[in-house]
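Here are a few exercises to work through with the model open beside you. Try each task before reading its solution.

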Amino acid sequence: MLIEDQWFCSEPGAISRSPWHQDHPYYNLDRPFVTVWVTLDDVTADAALRVVEGSHATGITYAPIEFSSSIDTIGGDSELEPVPDIDADPDRFPVTTWDLQAGDAVAIDSRMLHSTGIREVADRPFRRLSTRYAHPDTRYLDLGEQAAVFWKMLPHGLSTGDLVAGEVFPLIKP
């Protein structure tokens, strides 16, 4: 089932990056889902998507991060543990990244810790698309203020326990 697609564009010389985070705590879904990250431009490993190997399998869901601050937790006092300082402890958090060519895709579990690269974008835009897909039996789970704002904007009419698949979140193949 299609949950969402997002378009990102970093202009030449951009130095902001996405902070380390998991996608899972932003989504009102009762189970993990997959994010397919596609680069539309060639990008070197030091600016591309970075992932913490095996982080999806730890059983830990970290508090969602406010991207504009890179440190504040969304929803105030979250009961979830804050994201650790990944870059400060490479032995504990092994990071993988790749040189990617336009059209390359990386699929990650929604519980995978990830961020974008550590270097500024080169002399051309860096464009990418993220599309999220969930299992057809996924149910709505209201996470309150920590959920991404689009959940409040969409006229989905869902309550905790409802199947998510439907008109707003279509099944790709019934």
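**Exercise 1.** How many bridges join E1 to E7, and in which sense do the two run?

*Solution.* First, the ground rules. You're looking at a predicted model, where local features need pLDDT of at least 70, side-chain atom pairs count only at pLDDT 80 or more, and totals for chains, interfaces and linings use all residues. Residues are numbered from 1 along each chain as its sequence is written, and side-chain values use heavy atoms, with hydrogens and water left out.

Strands here are DSSP runs (E, at least two residues), numbered from the N terminus. Two of them pair if DSSP finds at least two bridges between them. With that settled, E1 and E7 are antiparallel and joined by eight bridges. For one spot to look at, find Gln 6, which sits opposite Ser 130 in E7.

**Exercise 2.** Work out the strand order of the open sheet with four strands, and say which strands stand at its edges.

*Solution.* Start from E7 and look at its pairing with E2. Strand E2 (residues 34-39) and strand E7 (residues 126-133) are antiparallel, with six bridges. Trp 37 has Ser 130 in E7 as its bridge partner, while Val 38 faces Leu 129 in E7.

Now put the whole thing in order: E1-E7-E2-E5, antiparallel. E1 (2-10) and E5 (105-109) are the edge strands; each has a single partner strand, so one side of each is left without a neighbour in the sheet. On average, neighbouring strands of this sheet are turned by 20° against each other, direction ignored (axes are lines fitted to C-alpha atoms, and angles run from 0 to 180 degrees between N-to-C directions).

**Exercise 3.** Do likewise for the open sheet with three strands.

*Solution.* The order is E4-E3-E6, and the pairing is again antiparallel. Strand E4 (95-97) and E6 are at the edges with a single partner strand each, so one side of each lacks a neighbour in the sheet. Two bridges join E3 (residues 50-52) to E6, and Val 51 stands opposite His 114 in E6.

**Exercise 4.** Are Ser 115 and Gly 117 buried or exposed?

*Solution.* Apply the cut-offs: buried is under 20% relative accessible area, exposed is over 50%, and partly exposed is in between (1.4 Å probe, protein chains only). Ser 115, in strand E6, has 0% relative accessibility, so it counts as buried. Gly 117, in the loop between E6 and E7, comes in at 4%, so it counts as buried too.

Next, check the contacts (heavy atoms within 4.5 Å). Leaving aside neighbours within four places in sequence, Ser 115 is in contact with Arg 17, Ser 18, Pro 19, Trp 20, Ala 48, Leu 49 and Arg 50. Under that rule, Gly 117 touches Arg 17, Asp 46, Ala 47, Ala 48 and Arg 50.

**Exercise 5.** Which strand gives the most to the lining of the largest pocket?

*Solution.* A pocket is an open set of points on a 1 Å grid over the protein atoms alone, where a 1.4 Å probe fits, with protein on both sides within 12 Å along at least five of seven lines; lining residues have an atom within 4 Å of a point. Of its 28 lining residues, the closest to the centre are Gln 6, Phe 8, Ser 18, His 21 and Phe 67.

E1, E2, E6 (114-115) and E7 each supply at least two lining residues. E1 gives the most, with five.
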